[in-house]
Amino acid sequence: MAAFVRFIATRAGMALLTLLLVSFIVFSLMELVPGNCAERYIAYKSTQGQIITEADIRAEEIRMGLDRPFLERWGGWVWGVFTRGDFGESCLWRVEVNQLIGDKFLLSLGICVAALVLTYLIAIPVGILSATMRGGAFDTGLRIVSYLGLALPNFLLALGVMLASTVLFQDTLAGLFSAQYRDAPWSLDKVLDLMSRVWLPIGILAWSATAIQLQTVRALLSDEKDKLYVTAARARGVSGARLLWRYPARHSLGPVVNSIGFDLNRIFNDLPIVAAVLTLTEAGSLLLDALARSNDQQLAGAIIFLLTASIVAVNFLTDIVLAVIDPRVRAGLM
Amino acid sequence: MIATDMQGEPAAPVAEASRRGEAYFTASQGQLIFARFKKKRAAIFAAFVLGVFVACGVFAPFLSPYDPTIAGRNADYTNGAPQLPRFCDANGCSLRPFIHKVERYRGADTNFRWVTRQTGTRDYLTFLPRGWEYRVGAISWDLPGETFDLSLPGIAFDRHLFGVETGFIHLFGTDATGKDIFSRTLHAIWVSLSVGTLGVLIAFSLALVIGGVSGYFGGWIDTVCQALTDAVRTVPTIPLFMALAAFIPQEWSAETRFFFISMILGLVGWPTLARRVRTHILAERTADYVLAARLAGASPAHTIRRHLLPSFTSYIIVDLVISFPYMVLSETALSFIGLGLKDPVNSLGVMLQNVTRVDVLLNYPWYFIPVPIFVVIVLAFVFVGDGLRDAADPHEERR
């Protein structure tokens with residue numbers, strides 16, 4: 001037990017270290033960008049008809065603390081994030097970043113996690129089936145589909161779906177809410193409305209991830225299913241789905257569980273682009289807006305940090321889960 | 001392994017068998033991989049398709065009848081439908097393919113609006129006509145700072161594969177400004193492939209250096225490198241690209257943008273290969289030949305470069321081929337949302353930018369022609385990569 005606690009503690013420590021490093025990378029990259037927040041804010045003010053001098057910019061920089069050394073500012077930012085969950089003030093909007101992100105981030109995260117769950121619900125059983133019927137028509141068909149999953153990126157699929165739905169139903173299926181619920185506060189009706197539309201982005205986001213995961217499950221199980229211990233189990237009279245599930249499937253799924261975090265990464269990658277195609281103004285396009293349209297370093301940094309934090313958290317959890325369910329990993333710890 | 005090899009050819013004469021055996025043992029790693037690769041029909045076919053498309057990209061200026069920029073536009077045929085050459089019409093058949101001329105027309109029957117309509121006049125295809133001028137081998141890089149600027153005039157050509165006697169031919173139709181989609185597609189293939197190549201090369205060098213150093217030295221250097229690799233691997237790349245690409249100043253030239261995008265792609269794309277290289281070198285560094293090299297006074301850099309990495313070449317090459325389509329797709333995705341390459345440069349993402357609008361979806365379906373072409377290219381890459389991966393895997397031999 002003590003060893004297990006120590007294992008969890010080291011994992012948690014490593015996760016924190018990764019987050020810290022990520023925050024440093026993100027912060028430095030934002031810093032490398034030409035022009036700082038004060039200049040941009042002042043430039044915005046000057047378009048409002050005010051006359052701005054060099055001294056005003058300096059004063060604003062001091063007010064924002066931009067004159068302090070880089071490491072000190074990074075430290076302050078990280079401290080605020082880790083202790084109070086405070087991401088500071090948006091560079092352009094002059095409001096708390098937390099307030100801007102609000103439930104949008106949770107909504108995006110929810111969509112991504114749903115896509116992840118869908119990925120596994122499809123990929124694991126179908127991958128297992130495909131491996132047991134290796135070489136048959138079903139397997140070959142699946143292989144081609146999963147190659148397509150690699151070659152037809154999600155945003156192209158989204159475009160195709162839009163085209164088809166426009167031609168067939170005269171409805172683009174775009175957006176997360178219908179018009180009357182867009183700005184309404186959360187209510188049961190709004191949730192139902194969301195449910196009636198959200199399946200499309202979830203399905204599209206799951207597309208490439210499923211294709212890749214299918215290949216992985218198939219390959220892992222193919223390696224495992226002809227091993228001696230499976231033959232031995234068969235000789236003892238275990239057969240069919242029971243045999244498959246009790247021995248090779250369980251053994252081979254370790255790496256799949258391990259890669260959940262990176263699948264989430266893959267889905268996050270596609271989110272802003274799919275959101276742009278399907279005009280999901282409520283979720284992923286916040287990213288796009290923060291990053292592309294308004295050049296808001298603070299907001300962009302916060303979003304990327306939150307995305308990464310979710311991935312790190314998932315990685316941490318899967319490590320623990322794997323140690324609990326897989327006796328081989330557990331043996332490695334002790 | 002030789003046993004399986006001979007079993008395959010029981011009837012062959014002894015001399016022949018021994019010659020083959022010798023060839024087998026003296027073959028280089030590359031020859032062995034190629035021999036195994038040749039047995040995979042799907043991969044060979046994919047390689048052929050890929051070769052054709054790469055050639056299309058390389059010879060884009062020659063193959064495309066019109067300048068893909070605004071200079072080559074056909075102002076009288078905007079949003080024009082594809083024109084397919086044909087041999088027969090109501091007036092009979094001809095051996096030379098032709099298309100029907102189009103004209104702009106306005107009259108009472110169209111409510112006095114301008115429409116483009118087909119006429120009965122034939123316009124015959126010509127081959128190797130003179131057209132817009134392009135330069136072979138011309139390079140003009142205008143990067144920020146003066147040191148990296150490079151300008152080579154190149155040689156001017158103006159011959160193209162085909163054209164029509166008078167007027168224009170648009171195999172894939174035209175876009176809203178009258179630019180030829182066929183010409184744009186060919187140039188887009190070239191641009192997307194070059195961005196991918198550059199990105200892969202940068203990622204590749206980073207991966208080899210970081211993975212090599214991390215694996216060779218081990219210890220705390222390895223720990224630091226691994227922490228860095230993990231951190232970079234955990235950040236979702238497209239949002240990170242977006243954050244970086246968003247800050248490209250609007251006034252940067254097309255070339256600068258191009259280099260910047262490739263650089264970002266490379267800077268974020270190295271961790272997977274670096275990890276693989278590191279694992280391999282970690283396992284390999286205690287081997288006798290490494291000790292020998294070290295005793296002979298070879299520097300770490302030399303040992304990694306000349307002794308350790310070559311033992312891993314086949315995997316590295318395979319990894320390159322496999323990661324290539326991802327680079328291309330990332331570029332496309334970025335350009336598509338308007339953060340990557342911009343209009344005078346043609347890339348698939350740039351060409352797709354306008355397609356999300358509903359009227360475009362409904363009325364001008366030929367805007368989509370580049371999409372299947374692109375999907376085929378990426379598919380071909382995936383198949384070739386897959387075939388190579390199987391061929392590079394020595395376990396394949398035993399099956």
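Colleague: Quick one: which helix do Asp263(A) and Arg266(A) lie in, and how many residues apart are they?
Modeller: Both lie in helix α12 of chain A, which covers residues 260-277. They are three residues apart, or about one turn of the helix. Keep in mind that this is a predicted model.

Colleague: And what do the side chains of Asp263(A) and Arg266(A) meet in?
Modeller: A salt bridge, with 2.8 Å from N to O.

Colleague: OK, and what's the count between chain B and chain A?
Modeller: Zero salt bridges between those two chains.

Colleague: Then how many residues of chain B are in contact with chain A, and what area is buried?
Modeller: 39 residues of chain B touch 43 residues of chain A. The buried area between the two chains is about 3800 Å², and carbon and sulfur atoms give 83% of that.

Colleague: Switching to chain B: at what angle do the axes of α6(B) and α16(B) cross?
Modeller: Roughly 30°, and the axes come within 11 Å. Here α6(B) is residues 181-217 and α16(B) is residues 370-392. Angles under 35 degrees count as roughly parallel, so α6(B) is roughly parallel to α16(B).

Colleague: Is that crossing left-handed or right-handed?
Modeller: α6(B) passes α16(B) in a right-handed crossing.

Colleague: Which residues meet there?
Modeller: From α6(B), you have Ile181(B), Thr185(B), Ile189(B), Ser192(B) and Leu193(B). They meet Pro370(B), Ile373(B), Phe374(B), Ile377(B) and Phe381(B) in α16(B).

Colleague: How do the residues of that contact divide into nonpolar, polar and charged?
Modeller: Eight are nonpolar, two are polar and none are charged.

Conventions:
Residues are numbered from 1 along each chain as its sequence is written. Chains are lettered from A and ligands numbered from 1 in the order in which they are written. This is a predicted model: local features need pLDDT of at least 70, side-chain atom pairs count only at pLDDT 80 or more; totals for chains, interfaces and linings use all residues. Side-chain values use heavy atoms; hydrogens and water are left out. Axes are lines fitted to C-alpha atoms, for helices over the stretch in contact, and angles run from 0 to 180 degrees between N-to-C directions. Helices (H or I, at least four residues) and strands (E, at least two) are DSSP runs, numbered from the N terminus. Angles under 35 degrees count as roughly parallel, over 145 as roughly antiparallel, 65 to 115 as roughly perpendicular and the rest as oblique. A crossing is left-handed if the near helix is turned anticlockwise from the far one by less than a right angle, and right-handed if clockwise. Contact means heavy atoms within 4.5 Å. Ala, Val, Leu, Ile, Met, Phe, Trp, Tyr, Cys and Pro count as nonpolar, Asp, Glu, Lys and Arg as charged, and the others, Gly among them, as polar. Buried area is the accessible area (1.4 Å probe) that two parts lose on being put together, summed over both. A salt bridge is a side-chain nitrogen of Lys or Arg within 4 Å of a carboxyl oxygen of Asp or Glu.
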